[in-house]
Amino acid sequence: MAKKRHITTKINGDTVEFLCEPRQTLLEVLRNTLDLTGTKEGCSNGNCGACTVLMNGRPVDSCLVLAVEAEDAELKTIEGVACGTHLNAVQSAFLEGAALQCGICTPGFIMQSEALLAENPNPSEQEIRFYLAGNLCRCTGYDKIVQAVQTAAGKRQTESGTKCCH
Amino acid sequence: MRDFEYEAPTSLGAALAVLAKGNARALAGGTDLIDQVRLGRHSPDVIVDVKKLPELNGIQHDTSGLRLGAAVPLYKVYGHCGICSDYSALADSARIIGGIQIQSRASIGGNICNAGPAADSTPSVIALGGVCVIAGPNGTREVPAEAFCVGPGKSVLQAGEILVEIKFPARVAHSGSHYRRFIPRNEMDIAVVGVGASVVLADCRQKFVSARLALGAVGPTPILAQAAGDSLAGQPVNEVTIAKAGELARSVAKPIDDMRGTAEYRLHLVGVLTQRVLNAAVARARGEKIDNVPGH
């Protein structure tokens with residue numbers, strides 16, 4: 001058995017250390033070692049995007065990242081999106097717009113939408129659909145998700161300047 | 001997942017030393033490898049992370065051409081202005097491989113080494129005259145991209161070897177390139193057929209000087225359609241010459257029937273896509289913008 005590795009990384013702004021085997025994925029360690037169970041396991045092969053987290057600012061499928069690769073990285077998970085008890089623009093738009101049903105895909109969609117709006121604050125419907133193509137939802141039919149991202153984009157623009165704690 | 005050791009060397013020499021120990025596989029973005037290890041398709045004892053090797057992670061673009069490190073992630077490929085303008089087909093491919101999450105990690109080098117018959121980057125690399133630079137225990141060797149894949153999932157890489165970078169010649173005046181695939185969805189799908197083309201036009205922009213065409217998903221490996229490209233040299237740019245190139249491209253395609261389409265359907269698509277891709281490459285060579293929204 002390969003020896004466990006000691007990994008130091010940053011998750012949601014905090015320095016975190018953990019032990020993992022080389023064969024463990026980032027998704028496994030987030031959920032099973034660090035109890036960050038907001039990140040969901042869907043297909044475990046990079047098709048569905050349920051496990052999306054941000055790694056050094058880029059969205060990645062955490063099921064296709066080895067936990068050892070997180071050494072010295074900066075990670076953001078769904079747990080780091082809200083500001084204390086205040087949902088951020090994307091979260092509240094998903095909630096108010098009923099952009100979810102069973103909720104398993106939702107953390108991945110929110111992380112992917114966060115990445116999109118950081119890169120492109122005012123995306124067109126087509127740009128939203130293209131950017132979210134790596135996230136699958138079997139319940140909503142996507143329209144409400146796209147609308148929620150549009151709402152969140154508008155809200156973020158009117159609220160810009162009022163920075164959250166993260 | 002199977003148990004393995006993980007190494008992340010910071011020099012090419014150190015990486016080759018680990019690879020030389022045997023039963024090791026290189027990890028770039030891992031979007032193919034991690035899934036394949038999980039499924040048991042590969043059973044490495046050591047995984048060698050190549051993302052800390054400077055030789056594999058740079059983009060060097062100057063008057064002598066382009067050197068693309070094998071592990072450079074796709075988002076950096078289509079985010080590079082020089083690649084978008086001078087090696088457009090490569091950027092076209094990078095934009096449609098997987099979704100955005102995959103593009104954060106996956107690389108052109110990894111896509112080629114995975115040696116999938118339907119790989120979206122390989123036809124572009126072949127069309128653009130890419131040369132694969134391979135390092136191994138016996139030094140460095142170069143293999144033209146069209147000779148790199150030898151069968152589904154199989155490449156010329158020998159045990160202990162690693163793809164370091166892909167070299168492309170400098171873009172010449174009045175040249176343009178494009179890659180397009182046919183899929184039944186708008187995005188996130190595997191090509192039914194993919195075609196990459198690179199053309200050079202004469203100063204008058206009405207005649208071909210040369211052309212290179214490559215086909216994906218219509219054979220056990222991506223295919224250089226040499227005769228189709230050669231047929232355009234010295235010919236006027238028109239429907240007749242472009243249709244003839246489409247016919248010649250069809251003649252080298254060896255598709256199979258599978259869940260994505262019948263062989264007959266794929267042959268038809270080769271003809272249609274070859275013409276569309278050539279027309280788009282010509283438009284780019286003339287400095288025109290093409291209507292190419294990824295996924296549409």
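Which residue in S3(B) stands opposite B:Tyr6?

Tutor: The residue opposite B:Tyr6 is B:Ile47 in S3(B). Two conventions come before the rest. Residues are numbered from 1 along each chain as its sequence is written, while chains are lettered from A and ligands numbered from 1 in the order in which they are written. The model is predicted: local features need pLDDT of at least 70 and side-chain atom pairs count only at pLDDT 80 or more, whereas totals for chains, interfaces and linings use all residues.

The pair belongs to S1(B) and strand S3 (residues 46-49) of chain B, which run parallel and are joined by three bridges. Helices (H or I, at least four residues) and strands (E, at least two) are DSSP runs numbered from the N terminus, and two strands pair if DSSP finds at least two bridges between them. Strands of a sheet pair through backbone hydrogen bonds, either parallel or antiparallel. In chain B, three strands make an open sheet with parallel pairing, in the order S1-S3-S2. Strand S1 (5-7) and strand S2 (24-27) of chain B are at the edges and have a single partner strand each, so one side of each has no neighbour in the sheet. From one strand to the next, the twist averages 25°. Helix H1 (residues 12-20) of chain B lies across S1, S2 and S3 of chain B and runs at about 165° to S3(B). Such angles run from 0 to 180 degrees between N-to-C directions, with axes fitted to C-alpha atoms, for helices over the stretch in contact. Two residues are in contact if their C-beta atoms, placed from the backbone, lie within 7 Å.

Across the boundary, 24 residues of domain 1 of chain B are in contact with 26 residues of domain 2 of chain B. On the domain 1 side, H5, helix H8 (122-127) and strand S8 (149-151) of chain B are the elements that give two or more residues. By class, that side of domain 1 of chain B has 13 nonpolar, eight polar and three charged residues. Here Ala, Val, Leu, Ile, Met, Phe, Trp, Tyr, Cys and Pro count as nonpolar, Asp, Glu, Lys and Arg as charged, and the others, Gly among them, as polar.

A second sheet of chain B is also open, with four strands in the order S11-S12-S13-S14 and antiparallel pairing. Its edges are strand S11 (175-182) and strand S14 (223-224) of chain B, each with a single partner strand, so one side of each is left without a neighbour in the sheet. Two bridges join S14(B) to strand S13 (residues 208-216) of chain B, and these two strands run antiparallel. B:Ile223 in S14(B) stands opposite B:Leu215. Helix H5 (residues 88-96) of chain B packs on this sheet, touching S11 and strand S12 (193-201) of chain B, and its direction makes about 25° with that of S11(B).

B:Cys113 lies in helix H7 (residues 108-113) of chain B. B:Cys113 is buried, with 24 other C-beta atoms within 10 Å. A residue is buried if 20 or more other C-beta atoms lie within 10 Å of its own, exposed if 12 or fewer, and partly exposed in between, with C-beta atoms placed from the backbone. Apart from neighbours within four places in sequence, B:Cys113 is in contact with B:Ser155, B:Leu157 and B:Leu163. The C-alpha atoms of B:Cys113 and B:Leu163 are 7.7 Å apart, although 50 residues separate them along the chain.

B:Lys167 is in strand S10 (residues 162-169) of chain B. B:Lys167 is partly exposed, having 18 other C-beta atoms within 10 Å. Leaving aside neighbours within four places in sequence, the contacts of B:Lys167 are B:Gly65, B:Arg67, B:Gly130, B:Val131 and B:Val133. Between B:Lys167 and B:Leu53 there are 17 Å from C-alpha to C-alpha, and the two are 114 residues apart in sequence.
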